[in-house]
Amino acid sequence: MPALLPPPGRRVAILAVDVVSPFELSVACEVFAIDRTEQGIPAWDAAVCGGTDGVIRTSAGFTLHTPHGLEWVETADVIVVPSWPARSARPPEPMLAALRRAADRGAWLIGFCSGSFVLGHTGLLDGRRASTHWLYADEFRAAFPAVQVDSDVIYVADGPVMTSAGTAAAIDMS
């Protein structure tokens with residue numbers, strides 16, 4: 001496999017879909033949105049992105065508000081999809097199209113746990129290795145037969161498309 005090139009820049013879109021898992025969302029925020037320049041780590045320009053009205057419900061029963069929508073995804077160098085609550089449902093086409101355009105321009109796409117289902121729906125995982133939570137592996141295989149699901153690893157980086165088995169694995173992958 002060729003060496004993974006770094007993303008084209010440091011702008012990160014954390015795509016928080018409706019009924020997002022706060023644990024997965026917080027992993028992405030912890031890794032990409034906290035300024036660690038005092039420790040010599042270059043800063044990421046990160047934002048949580050949501051739907052059109054900016055209100056995001058969480059699976060824990062509280063809501064979040066963000067002024068950022070898919071327009072942030074259009075210019076991001078790294079896009080993280082922390083979770084996808086309706087694994088059998090197809091994400092909205094504008095979201096999938098934005099992710100495909102991001103891949104076409106060289107952005108990294110990262111799916112944590114059930115977020116890998118969103119990447120599967122884009123078609124960008126076809127012919128690639130991918131991971132998701134072991135609990136969802138059979139469902140993922142059935143939904144995306146062109147993807148080589150590896151449920152024995154904690155994460156897979158197949159070029160600029162990365163997927164993790166679960167939330168703890170997302171921490172390791174990040």
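Visitor: Quick one to start. Is glutamate 30 buried, partly exposed or exposed?
Guide: Glutamate 30 is partly exposed, at 41% relative accessibility. Buried means under 20% relative accessible area, exposed means over 50%, and partly exposed lies in between, with a 1.4 Å probe and protein chains only. Keep in mind that this is a predicted model: local features need pLDDT of at least 70, side-chain atom pairs count only at pLDDT 80 or more, and totals for chains, interfaces and linings use all residues. Residues are numbered from 1 along each chain as its sequence is written, and side-chain values use heavy atoms, with hydrogens and water left out.

Visitor: Which residue forms a salt bridge with glutamate 30?
Guide: Arginine 36 does, with the closest N and O atoms 2.8 Å apart. A salt bridge here is a side-chain nitrogen of Lys or Arg within 4 Å of a carboxyl oxygen of Asp or Glu. Arginine 36 is partly exposed, at 24%.

Visitor: How many salt bridges by that rule?
Guide: The count is 10.

Visitor: Which distant parts of the chain does the pair of arginine 87 and glutamate 139 link?
Guide: Their closest N and O atoms are 3.0 Å apart. Arginine 87 sits in the loop between strand S5 (78-81) and helix H3 (93-104), while glutamate 139 is in helix H5 (residues 137-143), 52 residues apart. Helices (H or I, at least four residues) and strands (E, at least two) are DSSP runs, numbered from the N terminus. Arginine 87 has a relative accessible area of 25%, and glutamate 139 is at 30%.

Visitor: Packing now. Which residues touch the most other members in the largest nonpolar core?
Guide: Ile79, Leu99 and Phe140, out of 31 residues. A nonpolar core is a set of buried Ala, Val, Leu, Ile, Met, Phe, Trp, Tyr and Cys residues joined through side-chain atoms within 4.5 Å.

Visitor: Which element gives the most to this core?
Guide: H3, with 5 residues.

Visitor: What does phenylalanine 140 touch?
Guide: Leaving out residues up to four places away in sequence, its contacts (heavy atoms within 4.5 Å) include Phe117, Leu125 and Val149.

Visitor: What does the second core include?
Guide: That separate core has 17 residues, among them Ala28, Phe32, Trp108 and Met173.
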